[in-house]
Amino acid sequence: PLVGGWIGAAQVAHGSSAPAVRPELRLTAEERAQSMRYALLHWRFFEQFVTEATHGLAPDNFQEDPEPVVANRTSPTNIGLQLLSVVSAYDLGFITRSEMIDRLEGTFRSLERMRRFRGHFYNWYELTDLRVLEPAYVSTVDSGNLAGCMLALKQACLHISNEPIIDTRVHEALQAALALAEDAAKEALSAGRVGDPVAGRGVND
């Protein structure tokens with residue numbers, strides 16, 4: 001046993017020091033379709049709540065129950081995630097390249113107007129007038145989150161600049177939108193709310 005262990009030691013050492021080879025994981029067609037539907041649902045938050053009234057910035061959250069309430073404030077973390085959501089929406093075919101550029105430029109125009117402390121964004125801003133919410137402070141965590149998102153955004157834009165103009169991803173995005181509309185129609189039918197304008201709005205959207 002001792003000799004066998006000595007002989008096999010080199011092979012064991014080589015195997016343990018070699019880089020791990022991870023198996024390639026791929027979603028099935030059904031899993032990808034479901035993931036696209038979830039992604040489209042998430043993107044609709046930005047489509048609905050990012051407006052001129054919010055200066056092109058996404059609100060912190062939307063409370064649906066017990067009654068609809070929009071939290072009209074934002075933070076560096078929210079802004080960073082919004083920027084990545086825009087390029088992700090383009091990457092998934094939900095928006096065109098020109099719409100992506102318009103949304104990104106609108107966000108950066110608002111960022112230029114927001115008051116900062118030595119170049120750092122404060123942690124909370126009111127969306128209606130972009131004023132800093134009291135107490136005014138700079139969060140190292142949120143600032144780091146925004147910096148990381150900016151780095152990812154830069155790489156995404158560099159990658160997109162090398163892509164062909166003709167985009168073939170719209171077909172898959174359209175399939176996701178049709179699937180959501182079908183789900184909404186089935187839900188309205190099962191609940192007996194076919195004539196309900198509120199239920200019908202979900203189908204039309």
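Reader: In which loop is the place of R118?

Author: The place of R118 is the loop between β4 (116–117) and β5 (120–121). Helices (H or I, at least four residues) and strands (E, at least two) are DSSP runs, numbered from the N terminus. The model is a predicted one, in which local features need pLDDT of at least 70 and side-chain atom pairs count only at pLDDT 80 or more, while totals for chains, interfaces and linings use all residues. Residues are numbered from 1 along each chain as its sequence is written, and side-chain values use heavy atoms, with hydrogens and water left out.

Reader: What is the phi of R118, and is R118 buried or exposed?

Author: R118 has a positive phi of about 50 degrees although it is not a glycine. Buried means under 20% relative accessible area, exposed over 50%, and partly exposed in between (1.4 Å probe, protein chains only). R118 is exposed because its relative accessible area is 74%. H55, in the loop between α2 and β1, also has a positive phi, near 60 degrees, and is a residue other than glycine. H55 counts as buried because its relative accessibility is 18%.

Reader: How many helices and strands are in the chain, and what pattern do they follow?

Author: The chain has 7 helices and 6 strands. Along the sequence they follow the pattern α-α-β-β-β-α-α-β-β-β-α-α-α.

Reader: How is confidence read, and where in the chain is it lowest?

Author: The pLDDT is the predictor's confidence in each residue, from 0 to 100. The chain averages a pLDDT of 84, and 75% of the residues score at least 70. Confidence is highest in strand β6 (residues 125–126), at 98, and lowest in helix α7 (residues 197–204), at a mean of 46. Over residues 197–205 the pLDDT is below 50, and this stretch has 7 contacts in the model beyond near neighbours in sequence (a contact means heavy atoms within 4.5 Å). Where pLDDT is low, the predicted coordinates should not be read in detail.

Reader: Which residues have the most contacts inside the largest nonpolar core?

Author: In soluble globular proteins, nonpolar side chains tend to be buried together. A nonpolar core is a set of buried Ala, Val, Leu, Ile, Met, Phe, Trp, Tyr and Cys residues joined through side-chain atoms within 4.5 Å. The largest one here has 28 residues, and those with the most contacts inside it are W43, I79, I95, M100, L104 and M114. Helices α2 (29–49), α3 (76–91), α4 (97–113) and α5 (140–161) each supply at least two residues of this core, and α3 gives the most, with 6 residues. I95 touches W43, V86, A89, Y90, M100 and R103, not counting residues up to four places away in sequence.

Reader: How does the length of α2 agree with its number of residues, and which of its residues are buried?

Author: The expected span of a helix is 1.5 Å times one less than its number of residues. The 21 residues of α2 should therefore span 30 Å, and its end C-alpha atoms are 31 Å apart, which agrees. The buried residues of α2 are M36, R37, L40, W43, F46 and F49.

Reader: Which residues does N78 touch, and where does N78 lie?

Author: N78 lies in helix α3 and counts as buried because its relative accessibility is 17%. Not counting residues up to four places away in sequence, N78 touches D60, R73 and W124.

Reader: With which residues is T107 in contact, leaving aside its neighbours within four places in sequence?

Author: T107 is in contact with G56, L57, I79, Q82 and L83, with those neighbours left aside. T107 is found in helix α4 and counts as buried because its relative accessibility is 1%.

Reader: Which peptide bond from D65 is cis?

Author: The bond from D65 to P66 is cis, with omega near 5 degrees. P66 is found in the loop between β1 (61–63) and β2 (69–71). A cis peptide bond also joins E134 and P135, with omega about -5 degrees, and the place of P135 is in the loop between β6 and α5.
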